[in-house]
Amino acid sequence: MASSSGAEGESLDDYDSLIATTDVELLKRAWRNEKAAPEILRFESHLISRVKEQIQLMEETVEEKSSGGNDPLSVSLYQMDLDRTLFLLRSYLRIRIQKIEKYMFHILKTEELWNRLSKDEKDFARTCSSDLNQHLEETVLSKLPENYQSVLKQSIISEEDDMVPEPQLDTFVLCRSKEYLTGIQLEDGPADDRQFSSKLFEMERGVLHFICYKSIKALVESGKLDLL
């Protein structure tokens with residue numbers, strides 16, 4: 001027969017699991033991941049749609065309780081929940097816009113990153129890149145020699161788009177695993193050094209690790225790791 005303490009432990013685990021999967025907590029997780037990741041992540045379209053609907057319901061609830069003569073303390077608690085959710089949503093979207101502004105040319109030419117954007121973000125990236133391109137051509141590039149009038153390259157002889165900023169995937173990030181993971185390959189040494197060594201690494205559930213983002217990129221995308 002299971003002990004009462006064991007049953008209580010399972011109940012607490014179930015409760016924690018339930019709380020962790022609410023839309024607000026999922027939004028908080030998406031916000032943390034986006035804030036910590038050096039590259040733009042996939043837009044959480046379904047989650048954002050649900051959160052926007054919840055915000056509308058919360059605004060209606062606050063308005064109804066405010067005009068219904070309810071306890072001011074109760075109304076303020078509802079308002080705090082609304083403000084917290086609005087902050088997370090606005091911050092999440094702002095972080096993504098900042099990444100698009102910084103890496104717009106790289107995102108435009110990289111199909112994997114382009115497909116991570118929402119429709120509105122794609123429209124923004126196109127407009128922003130077009131406006132910046134036009135501004136640079138009118139103010140700077142048109143005054144340079146013909147071989148140096150590219151927005152993307154230092155000169156016409158450049159083989160790559162060496163004027164385009166790219167996310168630094170070698171950045172180290174703090175992360176925590178949601179489950180036991182093994183077979184993670186770590187690379188030691190700079191990315192441009194061919195004489196690098198690699199080794200396999202494992203992670204225990206809930207343990208914090210400070211690790212190169214490139215090594216865990218796929219795990220973050222699959223939702224097995226959270227960035228902090």
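Predicted model: local features only at pLDDT ≥ 70, side-chain atom pairs only at ≥ 80, totals over all residues.
1. Helices here are DSSP runs of H or I with at least four residues, strands are runs of E with at least two, and both are numbered from the N terminus.

2. Let me begin with the overall layout. The chain holds seven helices and five strands. Following the sequence, their order is α-α-α-α-α-α-β-β-β-β-α-β. Of the 228 residues in the chain, 31% are buried. The accessible surface amounts to about 14900 Å², with 52% of it belonging to carbon and sulfur atoms. As for contacts between residues at least 6 apart in sequence, 63% join residues at least 24 apart.

3. Back to Val 62, then. Setting aside residues up to four places away in sequence, Val 62 touches Val 75, Tyr 78, Gln 79 and Leu 82.

4. A relative accessible area of 39% makes Glu 59 partly exposed.

5. Next, Arg 96, which sits in helix 4 (residues 72-109). Which residues does Arg 96 contact, leaving aside neighbours within four places in sequence? They are Glu 34, Ile 40, Leu 41, Arg 42, Phe 43, Arg 116, Leu 117 and Glu 121. Arg 96 counts as buried, since its relative accessibility is 0%.

6. Glu 34 and Arg 96 form a salt bridge, and their closest N and O atoms are 2.8 Å apart. Glu 34 lies in helix 2 (residues 23-36) and Arg 96 in helix 4, so the bridge ties together parts that are 62 residues apart in sequence. Glu 34 is buried too, at a relative accessible area of 1%.

7. How many salt bridges does a search of the whole structure find? The total is 17. Another of them joins the side chains of Asp 161 and Lys 109, at 3.2 Å from N to O. This pair links distant parts of the chain, 52 residues apart: Asp 161 is in the loop between helix 6 (119-139) and strand 1, while Lys 109 is in helix 4. Lys 109 is partly exposed, with a relative accessible area of 44%.

8. Because the two residues are three apart in helix 6, about one helical turn separates Arg 126 from Asp 123. Both ends are partly exposed: Arg 126 has a relative accessible area of 43%, and Asp 123 has a relative accessibility of 33%.

9. Salt bridges also link Glu 39, Glu 112, Arg 116, Lys 217 and Glu 221 in a network. Its member Lys 217 brings us to helix 7 (residues 213-222), where Tyr 213, Ser 215, Ile 216, Lys 217, Leu 219 and Val 220 are buried. Just after helix 7 comes Gly 223, with a positive phi of about 85 degrees.

10. To finish, a nonpolar feature of the surface. Phe 172, Leu 174, Leu 208, Phe 210 and Leu 228 make a nonpolar patch of about 480 Å². Which strands each supply at least two residues of this patch? They are strand 1 (172-177) and strand 4 (208-212). Leu 228 lies in the segment after strand 5 (225-227), and its relative accessible area of 33% makes Leu 228 partly exposed.

Definitions and conventions: Residues numbered from 1 in each chain as written. Heavy atoms only, no water. Buried < 20%, exposed > 50% of the residue type's maximum accessible area, 1.4 Å probe, protein only. Contact = heavy atoms within 4.5 Å. Areas by Shrake-Rupley, 256 points an atom, 1.4 Å probe, with all protein chains shown as cover. Patch = residues over 30% accessible without salt bridge, like charges linked within 9 Å, V, L, I, M, F, W, Y side chains within 5 Å. Salt bridge = Lys/Arg side-chain N within 4 Å of Asp/Glu carboxyl O.
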